[in-house]
Amino acid sequence: MSSPATHAISVNPATGEVLSSLPWATADQVDNAIAQADSGYRQWRQKTVAERADALRAVGKTLREHADEMALLITREMGKPIAQARGEVTKSASLFDWYAEHGPAMLATEPTMVENQQAVIEYRSLGPILAVMPWNFPLWQVVRGAVPILLAGNSYLLKHAPNVMGCAALIGEIFTKAGIPQGVFGWVNATNDGVSQAINDSRIAAVTVTGSVRAGKAIGAQSGAALKKCVLELGGSDPFIVLNDADLDLAVQAAVTGRYQNTGQVCAAAKRFIIEAGIADAFTEKFVAATAKLKMGSPEEEQNYLGPMARFDLRDELDQQVQKTLAEGATLLLGGEKVAGQGNYYAPTVLGNVTREMTAFRQEMFGPVAAIIIARDADHALELANDSEFGLSATVFTASDQQAQRFARELECGGVFINGYSASDARVAFGGVKKSGFGRELSHFGLREFCNVQTVWKDRR
């Protein structure tokens, strides 16, 4: 096996088997990838929006033809349970269709009159876009940025997470098989130095990042220094608020799904469960019982809802956060330990009596761990929810529409879900505030993020 210092290594987290080993790209290889992205852009930008839409629709069709292969690779490289991996592929394929159908109208010329002149807004391309993407949704995270970026006439250069290099290669093959010209969609196995090289290359027009706060700070700072736009979708410690008048069974069902899907490895997953005191005991009892019934095991077996965590170091980090929170005074209600034996499994965990000074309240818990916090009343619940450096999304369960609208107004986050758990959809914008990042993906907002919004004036005298 090659050294991790010189290679990116993909390991099956369910078995520990090394799946692949790929050398890091040299400076010359990074330069070549940028050159191809630049060449591809200059060809791609000449196509009409309708032609680009048809080409992207063909990629979605090709992805469906490789759906089983793609889903199994996702499962083997990062441990996503196979049914959820298939869902990721289906959702990703649908994104191509949606933007192909609706995107061209969003990029249409917008005319207006300014005194005796006609002015029009044109949505022009920017150039090659560098995308630094994570492992937790190795297909969806890529295409939800790539599809609108490409439809707008840009090219897309992917630097994927090193543990999902197989997914990066297969995605690239799918674009090629669908007939997308070379360089329009590309990927490079770059190190951090390679990313810096790309950001500082004049041919790269802008940068998009999904990842940790640390990565966002570093890449955002470099992009700013290079005077290049960036979109950052970073971490989250999303509150899931349940008020006394909520439908308790519905709230518990949504809470379990919202916390433990993808084995809890979702930036916008519910993480802090803020429960109004009047129903806290009842919610906790039902939530713990439902969580205890979740089946964990090989992600390739259909019946398992929980698989292994994607990386062994992340399991160690999560366990340290749990043990620290317990030492700070929280109560262990379920789990709280690494699962012995083969594979990178962590027991589904529920921590009770968590307070705002504890680790599980303050830090993002990126794995199958839920923290239950009791609020005195609705005002206190809102205060606790906003007491975070993150602001990605939030959920509130209540029977009161007035109360729901009040929370939606006052919650400091990019998305609010009333009586339902956090999700993303092509039709609506996705993104956060505070240390969860800035900029938006999806919908017309995501489509126009990497456009030159150009005003063209014509004197009518």
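A salt bridge is a side-chain nitrogen of Lys or Arg within 4 Å of a carboxyl oxygen of Asp or Glu. In this predicted model, a search of the whole structure finds 25 salt bridges.

**View 1. Lys 271 and Glu 364 form a salt bridge.** The closest N and O atoms of the pair are 3.5 Å apart. Lys 271 lies in strand 11 and Glu 364 in the loop between helix 12 and strand 14, so the pair ties together parts that are 93 residues apart in sequence. Lys 271 has 2% relative accessibility and counts as buried.

**View 2. Asp 316 and Lys 338 meet in a salt bridge.** The N to O distance is 2.6 Å. Asp 316 belongs to helix 11, and Lys 338 to the loop between strand 12 and strand 13, 22 residues apart. Lys 338 is partly exposed at 35%, and Asp 316 is partly exposed at 32%.

**View 3. Arg 356, Arg 362, Glu 383 and Asp 387 are linked in a network of salt bridges.** Within it, the closest N and O atoms of Arg 356 and Asp 387 are 2.9 Å apart. Arg 356 is partly exposed, with a relative accessible area of 28%.

**View 4. Strand 16 (residues 393-397) is largely enclosed by the rest of the structure, because five of its five residues are buried.** Ser 393, Thr 395 and Phe 397 are on one side, with Ala 394 and Val 396 on the other. Strand 16 pairs in the parallel sense with strand 10 over three bridges, where Ile 241 stands opposite Val 396. Strand 16 also pairs with strand 17 in the parallel sense, over four bridges. The chain passes from strand 16 through helix 14 to strand 17 in a right-handed β-α-β crossover.

Methods. Residues are numbered from 1 along each chain as its sequence is written. This is a predicted model: local features need pLDDT of at least 70, side-chain atom pairs count only at pLDDT 80 or more; totals for chains, interfaces and linings use all residues. Side-chain values use heavy atoms; hydrogens and water are left out. Buried means under 20% relative accessible area, exposed over 50%, partly exposed in between (1.4 Å probe, protein chains only). Helices (H or I, at least four residues) and strands (E, at least two) are DSSP runs, numbered from the N terminus. Two strands pair if DSSP finds at least two bridges between them. A crossover is right-handed if, with the strands pointing away from the viewer, the path from the first strand over the helix to the second runs clockwise.
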